2 protein chains.
Amino acid sequence: MDQEARSRRQRLALRKATQDENLFGRLQAAATASRSQAQRLLSSAGGLSITQWRILWDLEEAGPLTVQDMATIQRTDHSLVSRALSVMRDKGYVETVTNPEDKRQSLIRMTAAGAHAFANAAPTMKERRESLADIFEPNEIATFLSLISRFETHLNQPSEEPK
Amino acid sequence: MDQEARSRRQRLALRKATQDENLFGRLQAAATASRSQAQRLLSSAGGLSITQWRILWDLEEAGPLTVQDMATIQRTDHSLVSRALSVMRDKGYVETVTNPEDKRQSLIRMTAAGAHAFANAAPTMKERRESLADIFEPNEIATFLSLISRFETHLNQPSEEPK
DNA sequence: AGAAATTATGTGACTTGTCACGCAATATCT
DNA sequence: AGATATTGCGTGACAAGTCACATAATTTCT
């Protein structure tokens with residue numbers, strides 16, 4: 001290892017230490033790791049995608065629901081829900097009827113096949129949720145959620161006029 | 001609005017309230033909102049993608065660096081860095097030489113064109129970072145980072161054997 | 001020294017997620 | 001009543017991000 005490589009190693013270490021304190025990057029990486037974990041768990045429990053799992057879970061808890069309902073619950077874009085539903089209809093997990101009260105809306109309900117896929121994934125995902133209690137006290141989770149809320153509120157503020 | 005719609009509205013509200021306390025979903029949504037904000041800001045400041053911005057920033061602060069270095073700093077996968085670099089080389093923002101010490105490694109440095117693109121985006125991204133102080137005290141940011149660290153550590157643990 | 005294992009980078013295929021857009025339905029305004 | 005604005009859903013194009021894989025280079029083991 002020559003002087004240049006030593007220097008690069010030092011620069012890398014300093015830079016990494018700086019970025020360890022960068023909330024934006026850290027939040028992004030944690031969310032990404034969380035998502036990968038969910039994907040791995042779901043892959044071992046029937047192979048649902050995350051959005052498919054979320055849709056089935058919402059339908060189980062509160063169905064029948066519209067695309068917009070589920071996008072709201074999941075804090076995600078309706079187009080992602082719509083796209084996942086397309087696959088799920090093909091697989092027979094959900095069925096869709098037009099809402100007679102508003103013909104723009106699709107009302108989605110879970111089928112028996114969907115319930116089976118849900119039941120396959122539910123235990124491991126429940127365990128995942130409950131395992132948070134292994135590392136956080138309830139007040140710590142509340143703090144975490146509160147910090148997240150304040151971060152989100154700030155993101156959604158109109159930016160000030162450029163100076 | 002008939003009884004069924006009223007019922008659906010109630011179910012939706014309850015379900016949403018439950019998911020408001022779901023740390024996994026909240027973290028994911030916050031990270032996504034943060035990313036969208038960054039994309040909007042960068043779009044108005046020269047049009048760099050987030051990964052391109054991060055690469056230029058790393059090179060500015062600590063370059064020249066390898067793909068692996070930057071993936072480590074950014075807590076992201078090397079393949080994302082590699083892909084972004086391909087575009088950036090085409091645009092003339094970076095140049096790549098093989099590291100004489102290890103011929104597998106590419107050493108990446110920023111060009112003058114890259115420095116120009118960086119300088120275009122840097123003020124707005126600096127302002128973004130600094131605006132966190134408008135909403136969080138330093139100890140609050142430290143708490144936030146600590147909670148994120150513990151969350152990540154937990155995610156990376158081998159899962160227990162299924163019971 | 002040679003074989004086997006590991007590592008760095010690039011590429012492919014896929015998912016999550018955004019924003020833009022189109023079209024039909026609904027709500028609001030005149 | 002008719003015109004205009006808004007809304008719900010589906011689709012396209014793209015970016016962030018993962019994992020798998022290939023290939024060449026390097027390291028480790030025998």
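I took contact to mean heavy atoms within 4.5 Å. With that, I found 60 residues of chain B in contact with 60 residues of chain A.

Notes on the source: this is a predicted model, where local features need pLDDT of at least 70 and side-chain atom pairs count only at pLDDT 80 or more, while totals for chains, interfaces and linings use all residues. Residues are numbered from 1 along each chain as its sequence is written, chains are lettered from A in the order in which they are written, and side-chain values use heavy atoms, with hydrogens and water left out.

Next I looked up salt bridges (a side-chain nitrogen of Lys or Arg within 4 Å of a carboxyl oxygen of Asp or Glu). I got 10 of them between chain B and chain A. For an example I picked B:Arg150 and A:Glu140, whose side chains meet at 3.0 Å, N to O.

Which parts of chain B touch chain A? I listed α1 (3–19), α2 (23–43), α3 (50–62), β1 (65–66), α4 (67–74), α6 (112–130) and α7 (138–155), each supplying at least two residues. These are DSSP runs numbered from the N terminus: helices are H or I with at least four residues, strands E with at least two. The largest share, 13 residues, comes from α2(B).

Last, the strands, which pair if DSSP finds at least two bridges between them. I saw β3 (residues 106–110) of chain B pair antiparallel with β1(B) over 2 bridges, and with β2 (residues 94–98) of chain B, also antiparallel, over 5 bridges. In β3(B), B:Ile108 is the bridge partner of B:Leu65, and B:Leu107 that of B:Val97.
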